[in-house]
Amino acid sequence: MSIFRFSSLLTMAALALGACSNPDPEAPTTPAVAMPGIDYAVANSTPGEAERAMSHKTWLWTRGPGPAQIHYTTADGRDFVWLVGERRIFKGEWKTQSTTESGTGSLIQVCLRYPGVNVGSLSSNWTCRPAGTFFVEMQQRESGDPLRIAGRTQALFVLTQPPANLAEVEGRVAAIQGIRN
């Protein structure tokens, strides 16, 4: 191989490696740092705070496995959930509980279960998550039951895709209810 050709190959290799480097000078080059606000919320949630954050709330969940979900959680521990792609409103339960994590002390969790149901990510067994993480991962939450799903077994329509926000679904529900009234 000639020196010229070898030199050309080295130049091309250097350019290719350079293209793989981070072109954005503002991009971080170090490992991620702790998020003290989230860490604090997870470590310091109290049962009362978690219960107030869940009681009488409608919330949108699009994270994790399974279809997007809209929940209404009552103050007395009932949960009604409407899944994207389903007309059925599933009835479940919610609770908060303390658990002891080795080395970190007590941790408050939010737990959900849906007796007799195993659809999407809904389970008949209690599924628990740290309360602080649970609330941070909710896309949106508001007080009350604006979709009027408490006690219903069927939704007014099937959500065919995850909604952008609760207002989008509230608008559709209000339009349908206005037509029916």
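Student: Which residues touch the most other members of the largest nonpolar core?

Tutor: In this predicted model, Met 54, Trp 59, Leu 112, Leu 122, Phe 134, Phe 135 and Met 138 do so, out of 19 residues in that core. Numbering runs from 1 along each chain as its sequence is written, local features need pLDDT of at least 70, side-chain atom pairs count only at pLDDT 80 or more, and totals for chains, interfaces and linings use all residues. Side-chain values use heavy atoms, with hydrogens and water left out.

Student: Why is this set called a nonpolar core?

Tutor: The name applies because a nonpolar core is a set of buried Ala, Val, Leu, Ile, Met, Phe, Trp, Tyr and Cys residues joined through side-chain atoms within 4.5 Å, where buried means under 20% relative accessible area, exposed over 50% and partly exposed in between, with a 1.4 Å probe and protein chains only. Another core, of 17 residues, lies apart from it and includes Ala 68 and Phe 157.

Student: What does Met 138 touch, not counting residues up to four places away in sequence?

Tutor: Met 138 touches Met 54, Trp 59, Leu 60 and Trp 61, and a contact means heavy atoms within 4.5 Å.

Student: Where is confidence lowest in the protein chain?

Tutor: Confidence is given by pLDDT, from 0 to 100 for each residue, and the lowest mean, 46, belongs to helix H1 (residues 3-20), helices being DSSP runs of H or I with at least four residues and strands runs of E with at least two, numbered from the N terminus. Over residues 2-22 the pLDDT is below 50. Where pLDDT is low, the predicted coordinates should not be read in detail.

Technical notes
pLDDT is the predictor's confidence in each residue, from 0 to 100.
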